[in-house]
Amino acid sequence: MTRIMMVAGEASADRHASRVIRELNLRFDRPEIFGMGGPMMEAEGMECIYKINDLSVMGFSDVFSRLKKIFRVYTGVKGLISERKPDILIPVDLPDFNMGIAKRAKACGVKVLYYIAPQAWAWRRYRAKTLSRITDGLAVIFPFEQAFFSSRGVNARYVGHPLLEDNPAIMNARWPVERIMMLPGSRDHEIIRMLPVMLKAREIMDAVYPGRQWFLPLAPGIDKEQIRSMPGIQGITLTASMVQADLAMVKSGTASFEASMYGIPEVICYATSPMNYYLARFFVRMEYIGMPNIVAKKQIAPELIQGDLTPQGLAKAMMGYMDDVSQYQDVRRAFGALRAGMGTKKASYEVAEWAGTIL
């Protein structure tokens, strides 16, 4: 029996890893899959000895406040390598946690196929050299990452982006804008910091463009009643699919890239605590913060970061799309070209196939 250990620590990784498990179950004869994961991985048959909820943290200050608990889980997950003796480890994203797990696995003679690479091209580039020593393969999800890591001695391969498995070829966004989506993030502290700004921007926009439909899809685990009690939330639908939007205000990160794959013009937003922002500015050397702009190597969608993220500034940037059909269509075309450049690979299939060849 093939023993496969997987480690995922966030909701998005749970979704992406669950698809890999589905493909692994098709490729291998009743594999034993265990490790750390979430409900979607568990639903595909994985034995989740540790849960992703144990690591639901983000930013330097959050990690410091829960360091003791994280270290306890980290030690336990590393112990699974010696106890269960997997044939292969597939860590998914979460580099601050998973690189140590991969190092232990490699030292124990376990094959390592890392899925969703650390963003070493943005900061801590030395991680690329480390990955060349502690992995047998690095499955990257952006085309430019393959060249970056390969040039530093990593056995890297572009496997496609997992979001493309959601069929984002559907592009329903249209002008004039009627449906507007808010995506302030999936964590409590992100919502607390950014949603009030978005709600105030909505008030400004409603005065100029009344009668628009507003959506705020909430991630699992978010307290809807608490959101409903916030000033300015009235009239906003709290359940929606991204394909329903014509325009979006989006926290930088996965959601901003997902919106671009659906061809939805957007304003990319980012705000965090002063300490987190200072540390990010000190370490990160990137011209852009939004993933669509990073991949395109130019600004397609406007970005509002930290002090620039104000209700007035956000409303102005959003209404720029609503006032000017040419701006709206230019961004749609650029996102379409970006989507075409990602290719047609199915990431979960590619990772499972690669795991088979490594074994």
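A: Helices here are DSSP runs of H or I with at least four residues, strands are runs of E with at least two, and both are numbered from the N terminus. Please keep in mind that this is a predicted model.

Let's look closely at helix H1, which covers residues 11-27. With 1.5 Å for each residue, the 17 residues of H1 should span 24 Å, and its end C-alpha atoms lie 25 Å apart, so the two values agree.

Next, what does H1 rest on? The background is an open sheet of seven strands with parallel pairing, in the order E3-E2-E1-E4-E5-E6-E7. Strand E3 (47-51) and strand E7 (156-158) form its edges; each has a single partner strand, so one side of each has no neighbour in the sheet. On average, and ignoring direction, neighbouring strands in this sheet are turned by 20 degrees against each other. As an example of the pairing, strand E4 (residues 88-91) and strand E5 (residues 111-115) are joined in the parallel sense by two bridges. Ile-88 has Lys-111 in E5 as its bridge partner.

H1 packs on this sheet, where it touches strand E1 (3-7), strand E2 (32-37), E4 and E5. The direction of H1 makes about 170 degrees with that of E1.

Now for the residues of H1 itself. To count as buried, a residue must have under 20% relative accessible area. The buried residues of H1 include Ala-13, Ala-17, Val-20, Ile-21 and Leu-24, and also Asp-14, His-16, Arg-19 and Glu-23. Ser-18 is buried too. The cover over these buried residues includes the strands E1, E2, E4 and E5, along with helix H2 (39-43) and helix H15 (347-358).

Met-40 is found in helix H2. Beyond its neighbours within four places in sequence, Met-40 is in contact with Asp-14, Arg-15 and Ser-18. Met-40 and Arg-15 are 25 residues apart along the chain, and their C-alpha atoms are separated by 6.0 Å. With a relative accessible area of 39%, Met-40 is partly exposed, because that class runs between the 20% limit for buried and the 50% limit for exposed.

For contrast, here is a strand elsewhere in the chain. In strand E8 (residues 179-183), five of the five residues are buried. Arg-179, Met-181 and Leu-183 point one way from E8, while Ile-180 and Met-182 point the other way. E8 runs parallel to strand E9 (residues 213-215), joined by three bridges, and Ile-180 has Trp-214 as its bridge partner in E9. E8 also runs parallel to strand E11 (residues 247-251), this time with four bridges, and there Met-182 is partnered with Met-249.

Finally, let's step back to the whole protein chain. Its secondary structure comes to 15 helices and 13 strands. Of its 359 residues, 52% count as buried. A compact globule with 359 residues would have a radius of gyration near 21 Å, and the chain has 21 Å, so it agrees with that expectation. Among contacts between residues at least 6 apart in sequence, 66% join residues at least 24 apart. The pair Met-40 and Arg-15, in contact and 25 residues apart along the chain, is one you can find for yourself.

Conventions. Residues numbered from 1 in each chain as written. Predicted model: local features only at pLDDT ≥ 70, side-chain atom pairs only at ≥ 80, totals over all residues. Heavy atoms only, no water. Pairing = 2+ DSSP bridges. Axes fitted to C-alpha atoms, helices over the stretch in contact; angles between N-to-C directions. Contact = heavy atoms within 4.5 Å. Expected span 1.5 Å × (residues − 1). Buried < 20%, exposed > 50% of the residue type's maximum accessible area, 1.4 Å probe, protein only. Rg over C-alpha atoms; globule rule 2.2 N^0.38 Å.
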